Amino acid sequence: MFEFALGVDDLATTWFTYSPVQEAVFSLRARRYLHKYPFQQRWMESWESAYRALDVPLLESLVTPRAWAPDFLTPRPMVQRPSFESELETIAGTPPETVVKDFAAAYRGDGAPVPEPVASLLADPAELLARCVAQLRGYWERCLLPQWWPRARTVLEADLGYRGRMFAERGAEGLFAELDSRLSWRAGVLRLDDPDPRVQALGGRYTPVAGRGLVLMPTLCALGAHTVIDADEPPVITYPARGNALMGESSPPRVPDALAELIGLPRARLLVLLDQPASTTALAHRLAVTPSAVSRHLSALATAGLLTRTRAGRSVLYARSPLGDALVAGGA
């Protein structure tokens, strides 16, 4: 059990973000326990041949048999919406002694021996680090970036938008009540109950946030909220992203005939899909069409008042407006 004492200043500096590198590393955890992550299954099957062309033994060594990962592989984001390359640069700058320490700690906490090829490379941590960076980059570019990441980023952005509204409308109590069943909020203290026996063996920990702020991060590859605490850094709590079931959809949902007849099938498909915010690129991947074709239809739907636009970093997210909701419901 962890308890985080947050004052008014701490709540004011609580912020949300997500980490592309963390999602990449955590997806390796999902590969190990694919039966626990059914929404990721079809994606991993689709990139199996590309994955097998990489250094599979090294990649699989980045996650312990019971799903822990060395801390240096999941650096705290310093900005909102960091890029994969910027986070990979942070990893590449890890001191060699930290690489050795973090691998040893992860496997010691798991109760498992460090496997090959990592065990042999611990004597040359600079080489080990270089190989980890190279294989993570290859995994990202060949497996995740082409199709998985556009969909994943859309889900994560939608989560951030929803949490922001909850915080604004219902305050800290309403926000923390919906993040995860492991989290509870009472009298200025956020409590995290982690059922992992390895965590429980460490005993309870009371942590005054004390002006450092709190970082909240949605992820698509976690079964429940968990935390990373460092005396010199803001505490981080990672929690399952809202709407991660959308990752399991292999085809667009059925479009009501009346709606398709009214506004045309392409625009009706987009309107039905946009019950959750999404970018032009993500929608194009879903529909297997070009982004330019999607953009033209989105512009027409937005002009008609059926969609709203929200900028999220360098992307624009579209979602149904109340009028769009009413039109879909009426068509159904």
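Ala 187 sits in the loop between S3 and S4, where strands and helices are DSSP runs numbered from the N terminus (H or I and at least four residues for helices, E and at least two for strands). This is a predicted model, in which local features need pLDDT of at least 70, side-chain atom pairs count only at pLDDT 80 or more, and totals for chains, interfaces and linings use all residues. Residues are numbered from 1 along each chain as its sequence is written, and side-chain values use heavy atoms, with hydrogens and water left out.

Neither residue is a glycine, and each has a positive phi.

| Residue | Phi | Relative accessible area |
|---|---|---|
| Ala 187 | about 50 degrees | 76%, exposed |
| Arg 81 | about 55 degrees | 32%, partly exposed |

Why is Ala 187 called exposed? With a 1.4 Å probe and protein chains only, exposed means over 50% relative accessible area, buried under 20%, and partly exposed in between; Ala 187 is exposed because its value is 76%.

Now for the sheet around that loop. Four strands form an open, mixed sheet in the order S3-S4-S1-S5, where two strands pair if DSSP finds at least two bridges between them. Strand S3 (183-186) and strand S5 (205-208) are the edges, each pairing on one side only. Strand S1 (residues 2-5) pairs with S5 in the parallel sense over four bridges, and Glu 3 stands opposite Tyr 206 in S5.

Thr 238, in strand S8 (residues 236-240), is buried because its relative accessible area is 4%. Leaving out residues up to four places away in sequence, Thr 238 touches several residues, including Gln 22, Phe 26 and Met 217; contact means heavy atoms within 4.5 Å.

Finally, a look at a backbone feature. Glu 116 and Pro 117 are joined by a cis peptide bond, with omega about 5 degrees. Pro 117 is found in the loop between helix H7 (96-110) and helix H8 (118-121).
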